[in-house]
Amino acid sequence: MTEQPQQLSTKSASDGTDLPERREPRKKRLFGIFGSRRAEKRAGSGSSEVAVPAGASDRSDMSGGKTSTADGRKSDAATPDKPASDRAVADKAVTDETKVDKAAADDTKADEPGAGKAEPSVDKSPTGPSGSETPGDEKAAKTEVKVALDEDAKDPAKASADEDAKDAPEVSGGEDGKGTEEGGKERRKRTKLPETRPPGVPPDPWSAFTAIAPEKPPGRIRRGLRAIGRRFVHEYALTIYLSVIFAAGLSWPTLRDPLHTLPQDLGDPTRQAWQVSWLGHVLQTNPIKIWQTNAYFPTTDTLAYGDSLLGYAPAGLLGTGPEAAVLRYNILFVLAHALLLFGAYALVRQLGARPIGAAVAAAAFAYAPWRLAQEGHLNIVSAGAIPLALALLARGHGWSLRYRFRPTRRRSGWAALGWLVATWQLSLGFALGVAFAYVLGAVLVFLLFAVPIRRLVQRRGEKRRLAAQRKEEPEAKTDAEPKAEPETKAGPEAKAAGPEAKAKPEAKTDAEAKTDAEAKAGPEAKAEPEAKTKQDKAEQGRAEQGKVAPGIKAEPATKADPDKPAQDKAAQDKEAQDKEAPDGKAEPATKTDPDKPEQDKAAQDKETPDAKAEPATKTDPGKPEQDKAEQDKKKLDEGKPGNKQRARSAEKKPRRKSRAVLGWRLLLADFLGVLLFVGVGAVLAIPYLRVPDSATRSHDIELFSPPLRSLLIGPAESRIWGAAHATPRASLHSAAEMSLLPGFVLYALALAGLLFSIWRWRQRLFLVLGLAAAVILTLGTNFFGGRWTYLPLFGHLPASFEQWVPGRLTLWTTLLLAILAAGAVDDFVRRAMHLAAQRTPPWPGPWMRLAMLMPLVLVVLEGWSTTAHPGVPAQPAALRTVGGPMLVLPTDAITDQTVQLWTTSRYQQVTNGGGNVAVTRQKELRQAVAAFPDLASIQYLRTIGVGTVLLIRSEVAGTPWEQAGDLPVDTLGITREDLPDAVVFRLG
């Protein structure tokens with residue numbers, strides 16, 4: 001800011017000439033006790049002026065307007081090498097000296113008749129003409145400065161006003177005699193600069209650099225793209241990416257030639273590739289015939305001859321032909337492994353583990369060595385929806401193994417999604433779906449018992465809290481009585497005493513006096529818990545309970561706080577008038593605690609539910625009066641019907657907090673989810689129940705029940721344990737179904753999880769019990785014959801449900817071991833992070849990071865596979881032209897499944913078909929046509945409705961039909977057509 005020029009007064013020198021009066025240098029206010037460096041520098045620069053003779057400083061102005069101070073003496077405040085306290089004392093001394101000189105000059109002018117003659121003023125200052133001061137005066141000046149600084153520190157507004165007054169330049173008197181009163185004591189105020197440029201002035205060129213255009217808010221498309229972008233970098237989105245990458249890498253040969261190779265063998269993979277293709281074809285042509293496939297002619301419900309894989313039906317809509325079927329199968333195979341990894345990660349994360357622990361558990365579950373022997377069964381590999389559904393259900397119910405049940409995290413949408421995923425898993429097949437249904441049933445039974453028990457515990461807890469509250473209310477009332485006495489009616493003595501007497505408390509106890517002393521010490525002392533009195537604790541407890549004990553009145557808000565400085569007199573008078581009610585009593589509803597800041601009105605209403613709500617138009621007596629137009633507008637708005645209804649709804653009591661454990665939305669989602677799951681399972685079970693049962697089902701269960709040592713034997717497809725376990729694996733009846741090693745690294749981590757873990761001891765105990773139950777069920781009939789374990793649960797189901805292989809239940813053994821291992825790894829990571837926090841810098845070093853990732857590396861390394869990927873035989877051209885019903889020769893359990901894949905071009909009806917369900921029927925067929933072409937076989941084929949036999953020349957070597965294409969058929973009543981790659985026999 002620019003300062004306006006000041007007028008210079010003149011002084012008379014000894015020779016009669018007029019000399020310009022020298023201005024006194026501006027004094028800067030010292031900020032705080034230790035002063036300001038900028039003020040010191042300015043004071044130091046101002047003290048370098050040339051000294052004026054001592055006599056000239058005592059001369060008065062020729063006009064009689066003003067007497068100047070002794071500028072010739074160098075001020076101690078302007079000396080930069082002196083301490084701040086000495087400079088403050090010197091400034092005070094100079095100010096006192098100036099006042100005394102001015103007073104002496106005024107007395108002299110009043111006594112003398114001639115005011116025009118300038119006379120030297122008598123120096124009556126305490127410092128004397130030499131500028132020195134006595135020790136006693138210096139001590140008094142220091143005391144005054146200290147008091148002034150304390151007052152400035154207490155009153156910020158006053159300090160800022162003094163600072164502005166000191167910064168403003170003095171107004172000197174001119175020839176016209178216009179000067180300020182008291183010898184220039186008042187200072188001229190600085191003029192405020194205009195905020196806008198005057199009209200007609202050209203614009204400021206610098207405004208182009210300072211103007212910042214407001215940022216345009218993003219539109220809907222932009223916001224949508226940002227939201228989508230955030231979803232792509234979410235933790236679970238990153239988990240999906242990594243799951244797909246790991247699945248593609250650990251099953252790498254699968255995607256190397258996905259059009260012509262299949263994993264493990266050409267048995268079940270070719271049949272299941274045909275199943276998915278058939279589902280897509282029948283959905284496009286005739287969905288009603290979905291269970292009546294083109295294979296196994298002339299039998300019905302042939303899709304139920306194995307797990308249906310109905311959940312993959314949408315994938316069958318893409319592409320036609322054998323190559324498309326193989327490509328589709330390979331993609332589903334990789335995605336199934338990715339779903340295994342993602343589902344297990346989501347479940348363990350929901351249970352409460354950290355990302356590293358969840359990653360180890362997911363890798364151990366998805367790439368356990370025993371799974372390598374099941375790579376040829378897509379229905380067994382497709383188990384990732386089981387842990388994913390459990391994770392979604394747990395998330396929807398707000399349950400976690402580590403944090404237990406949290407009602408605030410209930411989400412019915414997640415629960416509904418969990419039931420949908422569970423239903424989708426059931427639609428893939430009953431080989432794993434039956435055990436999954438049992439697990440969900442156990443969860444529902446647990447909820448049926450757990451919810452009432454929790455509700456009972458809640459009621460007992462509420463009763464205890466209410467009893468404790470009733471017990472504390474009389475004590476709180478007794479403690480608060482001395483301070484909560486209502487004010488009596490004001491008498492004439494009280495009115496005469498003024499508002500200060502009204503605001504003053506009557507008496508203070510020792511505790512209150514101690515509280516006031518601590519309050520004066522500063523806000524830090526007030527914040528300490530030890531400074532709270534017994535009454536404050538009682539009032540705080542009542543505030544937390546949402547009500548005030550009966551018989552205790554709240555203090556009015558206008559009561560003066562004894563710990564605060566005195567207010568302005570006018571404001572105190574107004575508050576005193578507002579505080580007095582018509583009957584002379586103070587309003588108890590607006591009183592606040594003098595030791596605490598004023599509470600919000602809504603909080604006061606909440607604490608005093610008995611008080612009546614004030615009308616919306618009533619003004620606050622402690623605030624300035626509202627505008628009349630605004631009040632009229634509020635009255636008009638209240639007169640409207642809609643606003644009246646909203647006002648009544650606002651005055652209603654707050655809604656009571658829900659005490660339901662699950663809530664009606666979650667109960668509805670569970671009810672509908674259970675109906676959907678059970679309904680879909682019942683509909684899918686109908687064709688499986690119509691399939692003829694196998695007479696050897698009980699024998700098969702006993703034959704495929706693994707021994708206990710099978711849990712320590714790795715499959716042949718394991719790169720780590722395949723060759724090492726060749727000898728013990730040879731002792732097993734079915735090595736593919738009995739090599740059930742979950743992983744030695746997983747065993748070690750789970751054992752460590754029993755000793756130290758993030759799970760509690762009780763939770764670990766439940767996990768161990770569940771693990772024992774899973775192992776017992778996995779052993780089948782090898783555990784006391786399975787009379788009380790496996791057979792009651794799975795032995796009564798038909799063979800079409802594929803429950804004759806108990807070893808597949810090792811899935812649940814692996815999952816429970818993975819959860820125990822995640823607890824150990826997570827606890828190790830927690831300890832490592834705590835140790836790293838004590839380092840400098842506070843984050844893990846490279847070796848510690850490697851140690852935390854080592855369990856994950858070992859688990860993945862143990863799941864490294866050597867699964868073969870044989871090539872799929874090319875489709876004969878005849879299968880793209882010849883129609884059915886027909887029989888394709890040669891026929892056996894393996895080649896029939898390849899024939900099923902070849903029929904995906906036209907889906908003609910064939911009698912060929914593989915699998916374990918229709919073994920008896922297919923054996924009868926092969927025995928009947930073993931001597932084809934002859935009269936018996938031709939008659940049998942005509943009986944079942946077959947009119948064409950196709951002989952594939954490239955596949956007949958070493959089979960009973962190796963010479964069938966060269967035998968004469970004229971005497972058999974059939975015709976033969978030779979094609980480049982096949983021979984077609986038409987039976988007529």
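A crossing of two helices is termed left-handed if the near helix is turned anticlockwise from the far one by less than a right angle, and right-handed if it is turned clockwise. In the predicted model described here, the crossing of helix H11 and helix H36 is left-handed. The contact is made on the H11 side by Asp268, Thr270, Arg271, Ala273 and Trp274, which meet Gln897, Thr898, Gln900 and Leu901 of H36. The axes of H11 and H36, the latter spanning residues 895–902, come within 8 Å and cross at roughly 30°. Because angles under 35 degrees count as roughly parallel, H11 and H36 are assigned to that class.

The crossing of H9 and H12 is right-handed. On the H9 side the residues in contact are Glu235, Tyr236, Thr239, Ile240, Ser243, Val244, Phe246, Ala247 and Ala248, and their counterparts in H12 are Val334, His337, Ala338, Leu341, Phe342, Tyr345, Ala346 and Arg349.

A polar atom of the Thr261 side chain lies 2.7 Å from the backbone oxygen of Asp257. When residues up to four places away in sequence are set aside, Thr261 touches Pro253, Thr254, Val326, Asn330, His869, Pro870, Gly871 and Val872.

The strands considered here belong to an open sheet of 4 strands, in which the order is S5-S6-S8-S7 and the pairing is mixed. Strand S5 (886–889) and strand S7 (975–978) stand at the edges, and because each has a single partner strand, one side of each is left without a neighbour in the sheet. From one strand to the next, the twist averages 20°. In general, the strands of a sheet pair through backbone hydrogen bonds, and this pairing may be either parallel or antiparallel. Strands S5 and S6, of which S6 comprises residues 948–952, run parallel and are joined by 4 bridges. Within this pairing, Val888 has Leu950 in S6 as its bridge partner.

Notes:
Residues numbered from 1 in each chain as written. Predicted model: local features only at pLDDT ≥ 70, side-chain atom pairs only at ≥ 80, totals over all residues. Heavy atoms only, no water. Polar contact = N/O pair within 3.5 Å; in protein donor to acceptor, adjacent residues only side chain to side chain. Contact = heavy atoms within 4.5 Å. Pairing = 2+ DSSP bridges. Helix = DSSP H or I, 4+ residues; strand = E, 2+ residues; numbered from the N terminus. Axes fitted to C-alpha atoms, helices over the stretch in contact; angles between N-to-C directions. Parallel < 35°, antiparallel > 145°, perpendicular 65-115°, else oblique.
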